[in-house]
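Colleague: I have a model open and want to learn to read it. Can we go through it feature by feature?

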Amino acid sequence: MSNTVQVTFVDQHDNTKTSTTTQPMDATILDASHSAGIDIEATCGARGRCRTCRVKLLSGDVPPPTIQDTVQLGHDEVRENFRLACQTKLIADVTIMSMPPKAEAGHQILAGGEDVSQDGRMTLDSGVVKHLVKAVAPVEEHHQTSDLEEILAVLPEGTDRDVNIEVLRKVPTVLRDQGGEMTVTTFNDRIIDLEAGDTTEHIYGVAFDIGTTSVVGTLMDLTTGERLADVGGVNPQAVYGGDLMSRIAYAQFDDKKLQTLRARILNAINDYIKDACAEAGISANHIYKIMVVGNSCMHHVFLGIDVSYVGLAPYAPVVRDLLVYPARDLPLKAAPNARVCLLPIVAGFVGADTMACVLATRIYDSDEIRAMVDIGTNGEVVMGSKDGLLACSAPAGPALEGAQIRHGMRGAMGAIEKVSIDDEVHCTVIGGTPAIGLCGSGLIDACAKFVDAKVMDASGRFRKDGRDELPPAVAARLHDTVDGIEFILVPTEDSGKDEPITITQADVRQLQLAKSAIFSGIVMLQRVMEVPDEQLAEVMMCGGFGNYINTQSAVTVKLLPDLPLEKLTYSGNAALMGAQMALLSETERHRAFKLSREIEHVALAARMDFQEIFIDGMNFTGENFTRPKRSDARRAAAAAAVGD
Amino acid sequence: MSDDPELQYPTGWEERAPEGWEWENLWKAVETGDHGYTHDRVTEAIEAGIDPRDILDDGLFPGFNLQGDRFSANIIFIPEMLITARAMKAGLALIRPLLAAMAVKPAGVFVMGTVLGDMHDIGQTIVSIMLENAGFTVINLGTDVHPDRFVEAIENEKADLIGFSALLSTTVYYQKVTIDEIAKAGHRDKVHVLIGGAPTTPAWAEEAGADGWGKDAMEAVKLALNLMKEDRVAWA
């Protein structure tokens, strides 16, 4: 009997698109898809805890469904030959229909926002300087000199004599190519490139924010600070786990898998550099500085550093310092000696991305106490003023990114992002298409509107009794199923799927855990700093995701503290903006290091009162109409006494 | 089906209670988490001379189990469950000394904790309270517990069961490590091992070599009670 099987994948939307791969027996369909070059996402890290890797068996045999297949997909889907690709082992030749998330191309990724260079408070001192010089090749044999010495002689004093081997290899040609006219590029006085002729006009750099979910970058002119091109997309590692922890778990104690993650991000970044250069019409060889920020896990994986222990208490990173490496060591496709710089990590999961947000929001310079919240799978909170900053990282989990939500999806085309309820329910869908799911901001908005419309109470429970008090069209959307109550946002006939788009009671519970984690982070820092709500001058929401959240809804669901709405602001993609600032300015880059050592990290899980704050934070605002009042028992007793 | 769970009336409670006695208020008090009132009602029941075991089974459990079932069905959530657990605890505090005096044996000795590398304990707190409520003696080792400490604790306590949760995808691995260490110490057949936590699955429980996996706190308690009926090698 042969030990291998043939797996053929057919695209759900285009059945002429197929690809076939040969796999060892007992590999999973997910493994097969990855070697066939098909990205089936496994948001939970291939643990059978979500349904993103759902596929359909078209022909051939697979083992009986596992418990996880049944739990995640339900009996009906399993009977229709749907399976979780991560749980299904190969035992025979099969044909599988992959179900790629539709229209992921429409994923809203927030780029840089306004030009950071327009900010008058920043000095343009990228550290990269081009010197146009004319050096003369040695002519007299008795002169005890060398090509390099002749070049150094015409460069400013203080230029580092220690020259990289690749630069050295260029010396003889460049010196003689155009009669000695050459452009010497230095980074902080160290020669990183030599070119014949005058190329002083061309000094570029790229800033990247590598997020767990998405990657965004900006190509910039380092001389003028001008933004030349924005690039970005979904982090290609996401197929190996949607949130930080499942990403770490995937690569934990397994160097090969770590390298897989690393290769994915490097390829993506190299592609983005290529795209950005093409868009701006420049050569990648003129990119001399690359600024990278990301959370501790993304940072380490990008460098190929083992993240095993980052995922375990006490969650210590391997390195926190400002790092600078030549591009060819990564490798990134820019000038071979371009400097790849990483911002420092504060502690644990308060990473280089948070550091970038601190730079961009200038919270360190504020007279009043402000807070900055990066809302994502890990919600980082920084609070303070020029007198000092505190930071913490709240494990919100992937629910706000749409994972572990029945109809959850990222903020892409077809996602419900806004909900309003009057006598009817109205949903706003990204791209104006029929709804195929619900993104994090949509989930928050929906729950806030449920509370306002009394479809749900403050405990997060869907209304069971007294539905006749609701507008009939709204009441009709509450459905009692065997798995509990669910609310139909979009009925089947209007949805872009062959089923209604609903929010289940379990979805609401997931949101409660996620938002309470972030809310508790804010409350905890307030408590440590002894700052009541009234003294908070501003809460700034950072991150691509934060910008799409309705602030009133965020207050209603208790994701953010109950401040006047004008104090709740959006800061755009602050992590990318901070990266741009550190790209354009060495002052900013070094400021980040200084700040990273001054910010005090508050470890939430280690604090005794965190649990109590977290539990308190699980409720929404509003009233509790379904929960029996505490005094009911007493009142019943009193009534019974009277009855006697 | 799993529509709203209903209060399960303890069968035959009327015969066990004094003439005209009414438990309804206590059921409601535990359900709504009114710990002050629970305390008062239990005190009254004790003064009325009702057998502490009956106070527990007929008076406290119905309201508690109702909330537990609702919790399992996602109808109520962690805050409400904890409020009910607190009321239950208030009642138990009065009864436990009486049970001990009557030499009523605990349902079992349960050692628990969160595995090495993991600092999270909210789920564990709930499980721990629920197990105590169900009559277990619970030794909670806290978070970030080294396998050696688990082994030491089950030896010292002559534990019947051991349970550990992992709340991070990165720490589930240590559930298996801990089970392996228990086996190495030669105790695997003396304790029943339960695991749980958000990133875990029944499949993982099997792979890690556990005896059971609980979806939630309620299930963990039922599982623990069932496992107590199974044979084990006795502690020396």
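Colleague: Start with strand pairing. In which sense do strand S1 (residues 4-11) of chain A and S2(A) pair, and over how many bridges?

Modeller: First, a caution: this is a predicted model. Now the pair. S1(A) and S2(A) are antiparallel, joined over seven bridges. For one residue pair, look at Thr8(A), which stands opposite Thr20(A) in S2(A).

Colleague: In what order do the strands of that open sheet lie?

Modeller: The order is S2-S1-S5-S3-S4 in chain A, five strands in an open sheet with mixed pairing. Strand S2 (18-24) and strand S4 (82-84) of chain A each have a single partner strand, so one side of each is left without a neighbour in the sheet. From one strand to the next, the twist averages 35°.

Colleague: Which strands does helix H2 (residues 67-79) of chain A lie across?

Modeller: H2(A) lies across strand S3 (54-60) and S4 of chain A. The angle between H2(A) and S4(A) is about 175°.

Colleague: Now a hairpin. How many residues lie between the strands S7(A) and S8(A)?

Modeller: Two residues. Strand S7 (residues 181-187) of chain A runs antiparallel to S8(A), with six bridges between them. Thr183(A) has Glu195(A) in S8(A) as its bridge partner.

Colleague: How many residues of strand S8 (residues 190-196) of chain A are buried?

Modeller: Five of seven, so to read burial here, take the cut-off of 20 or more other C-beta atoms within 10 Å. By that count S8(A) is mostly covered.

Colleague: On to helices. How are two packed helices described?

Modeller: By the angle between their axes and the distance between the axes. Take helix H6 (residues 122-133) of chain B and helix H10 (residues 217-227) of chain B. Their angle is about 45°, and their axes are 9 Å apart. That makes H6(B) oblique to H10(B). The crossing of H6(B) and H10(B) is right-handed.

Colleague: Which residues make the contact?

Modeller: From H6(B), Ile126(B), Val127(B), Met130(B) and Leu131(B). From H10(B), Ala217(B), Met218(B), Ala220(B), Val221(B) and Ala224(B). Sorted by type, the contact of H6(B) with H10(B) has nine nonpolar residues, no polar and no charged.

Colleague: And at what angle do helix H2 (residues 24-32) of chain B and helix H5 (residues 78-101) of chain B cross?

Modeller: Roughly 135°, with the axes coming within 6 Å. That makes H2(B) oblique to H5(B). H2(B) contributes Ala29(B), Val30(B) and Glu31(B) to the contact, and H5(B) contributes Thr84(B), Ala87(B) and Met88(B). The contact of H2(B) with H5(B) divides into four nonpolar residues, one polar and one charged.

Colleague: Why is H2(B) largely enclosed by the rest of the structure?

Modeller: Because eight of its nine residues are buried. Among the buried ones are Trp27(B) and Lys28(B). Just after H2(B), Gly33(B) takes a positive phi of about 75°.

Colleague: Which peptide bonds are cis?

Modeller: Look at omega. The bond from Ala313(A) to Pro314(A) is cis, with omega near 5°. Pro314(A) sits in the loop between helix H7 (296-303) and strand S13 (323-326) of chain A. The bond from Leu330(A) to Pro331(A) is cis too, with omega near -5°. Pro331(A) sits in the loop between S13 and strand S14 (339-342) of chain A.

Colleague: Last, the contact of the two chains. How many residues does each chain give?

Modeller: Chain A gives 42 residues and chain B gives 36 residues. On the chain A side, H17(A) gives the most, with five residues. That side divides into 17 nonpolar, 14 polar and eleven charged residues.

Key
Residues numbered from 1 in each chain as written. Chains lettered and ligands numbered in written order. Predicted model: local features only at pLDDT ≥ 70, side-chain atom pairs only at ≥ 80, totals over all residues. Pairing = 2+ DSSP bridges. Helix = DSSP H or I, 4+ residues; strand = E, 2+ residues; numbered from the N terminus. Axes fitted to C-alpha atoms, helices over the stretch in contact; angles between N-to-C directions. Contact = placed C-beta atoms within 7 Å. Parallel < 35°, antiparallel > 145°, perpendicular 65-115°, else oblique. Left-handed = near helix turned anticlockwise from the far one by under 90°. Nonpolar A, V, L, I, M, F, W, Y, C, P; charged D, E, K, R; others polar. Buried ≥ 20, exposed ≤ 12 C-beta atoms within 10 Å, placed from the backbone.
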